[in-house]
Structure formats: C-alpha cells, structure tokens
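Welcome, and thanks for taking a look with us. Below is a short tour of the spaces inside this model and of its ligand site.

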Amino acid sequence: MNILLLGAPGSGKGTASEQLIDKNGFTQLSTGDLYRAEISNKTELGLKAIEYMNAGKYVPDEITIGMVAKFLETKSTNLLFDGFPRTLVQAQELDKLLAAKGTKLDVVLHFKCDESVLLERLSNRIICPKCKKSYHKVNIRPKVEWICDTDGTELVVRPDDAPEKIKIRLEEYNTLTAPLIKIYNNKMVELDVTNVTPKKLYEDVVKGLKL
Ligand code: ADP
C-alpha cells in the first residue's frame, strides 16, 4: 500500500511516519529529508535546493520530480509519501511515475490542524539532525537538554523554523498544496490532529488506514 501524508508543516507528518516505519514496516519518502541530506553532502542538487528551502519557498517542481523519479527506481511499493506531492504538477507526475511501475497511491491521509497550533509547534520545534526525531522545547522535551534520546546527537533548530520563514512556508502550503485536497477526495481519510499527542496520532492513523 502507498500512502500520502498530506498536511501543513508542523501537522505531524514526520511524527506519524516515524511510527509507521518502526511498527508497520513502511519506507518513508520525505522530499524534505532527501533535500537536507543532499545539502549536508554538499551535492549539486543540495546547492540548488538550499536557497529555496532556507527562504521557506518550495523548490521548483522539475527539480523535486527528478529527485523523486530517481528514488522510485529503487522502490515503488509500501511507501509513505511525506511532503510530496505538494503541487498539482507534482501530483500529476507522481500518478504517471507510479503507473509506469504498475502501482499507485492508495490512500491519502489528510492531517487537519489549526494554524495557531502549527505556529506554536514549529516555533518550538527542535530536531535531531541524525535520526530526524523531533521534540518540542516545552511539551516533548528530550531527557537531557538539547540531546537526542535515541542516538545522543546534539539537537538543532531547523533554519526554516525561524518565525518569518514559518509564515512563508504556511503561505506556500495554503496556496500551492491545499488545492490537492480536492483532487484526492476519493481516496482521502480526514484526521483532526489539532490537539493530539504522538501516541493518539498514531492510534488515529492506524484506525484511518485500517491497519
Ligand atoms: P515541512 O513539511 O515542515 O515544511 P519538509 O521537510 O517536508 O518540511 O520540507 C522542507 C522544505 O523542503 C520545504 O519548505 C521546501 O523548500 C522543500 N521541499 C520539500 N518537499 C518539497 C516538494 N515536494 N516540493 C517543493 N519543495 C519541497
């Protein structure tokens, strides 16, 4: 089964993915994580993406689609799409890429969340640059300040989690990604994730996916 996690930045897509990978054996395709890996390896692709990402803007479609097409060469089933597609063009291209592999998107999980909650979560988010686990400065703190519980790596604030960048990212989502909600209507499961803990989020996801 291929699943798309559709939701604004901070809605919990990464947190749900983490649990679906650990407990249900899915493979995550997170275009944000792929870009961050390219940036830390200082590749040509990373150099192209960094200026958009740090500005809070979407990377141009052709660059992202090329990167996803390359990923799909290695695996095209049991995937969790996290952060892709984010535009109508990307959605159309994904359909074509999956059809060429004899597969498709089966379910779209739409994470609905109040914008004030997204803002509060993103502006308090700290992440592990190694395992990608995210924490909240006040509500979901690591056992040792600024150290990842899982692998002991020093936690960081993502450059695009600066307040002025958060605003731009939410605008990008509302303008370019929210229209996808309509096109996926026939395979959509709606989840209200405004006031849920990571544990409850996973329970709701499992119920929504009938796993
Ligand atoms: P978030 O969901 O919190 O915004 P991501 O890690 O998914 O975080 O994405 C971070 C950034 O990576 C985006 O703001 C954008 O610059 C770039 N990016 C990721 N996925 C895409 C995509 N599908 N299309 C264009 N840009 C993308």
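## The enclosed cavity

The largest cavity holds about 60 Å³ of space. A cavity here is a set of points on a 1 Å grid over the protein atoms alone, where a 1.4 Å probe fits but cannot get out; its volume is the space filled by probe spheres set on the points, with grid points joined across faces, edges and corners. Searching the whole structure turns up one cavity of 30 Å³ or more.

Its lining, meaning residues with an atom within 4 Å of a point, consists of L4, L5, L6, G7, K13, Y58, G83, F84, P85, R86, Y173 and T177. Two elements give two or more residues to this lining, β1 (3–7) and α7 (163–177), and β1 has the largest share with four residues. Helices (DSSP runs of H or I, at least four residues) and strands (runs of E, at least two) are numbered from the N terminus. By type, the lining has seven nonpolar, three polar and two charged residues. In this scheme Ala, Val, Leu, Ile, Met, Phe, Trp, Tyr, Cys and Pro are nonpolar, Asp, Glu, Lys and Arg are charged, and the others, Gly among them, are polar.

## How to read the model

This is a predicted model, in which local features need pLDDT of at least 70 and side-chain atom pairs count only at pLDDT 80 or more, while totals for chains, interfaces and linings use all residues. Residues are numbered from 1 along each chain as its sequence is written, and side-chain values use heavy atoms, leaving out hydrogens and water.

T177, one of the cavity-lining residues, sits in helix α7. T177 counts as buried because its relative accessibility is 1%, where buried means under 20% relative accessible area, exposed over 50%, and partly exposed in between (1.4 Å probe, protein chains only). Its side chain reaches the backbone oxygen of R86 at 2.7 Å. That is a polar contact, a pair of N or O atoms within 3.5 Å; within protein, one must be able to donate a hydrogen and the other to accept it, and residues adjacent in sequence count only if both atoms are side-chain atoms.

G46 belongs to helix α3 and is buried too, with a relative accessible area of 1%. From G46 to N124 there are 78 residues in sequence and 26 Å in space, C-alpha to C-alpha.

## The second largest pocket

A pocket is an open set of points with protein on both sides within 12 Å along at least five of seven lines. The elements giving two or more residues are α2 (31–40) and α3 (44–55), and α2 gives the most, five. Nine of the lining residues are nonpolar, two polar and five charged.

## Around the ligand

R36 places a polar side-chain atom 2.7 Å from a ligand oxygen, and a polar backbone atom of K57 is 2.7 Å from an oxygen atom of the ligand. R86 has a polar side-chain atom 2.9 Å from a ligand nitrogen. Alone, the ligand exposes 540 Å², and the protein buries 97% of that; accessible areas come from the Shrake-Rupley method with a 1.4 Å probe, and for residues only the protein chains shown count as cover.
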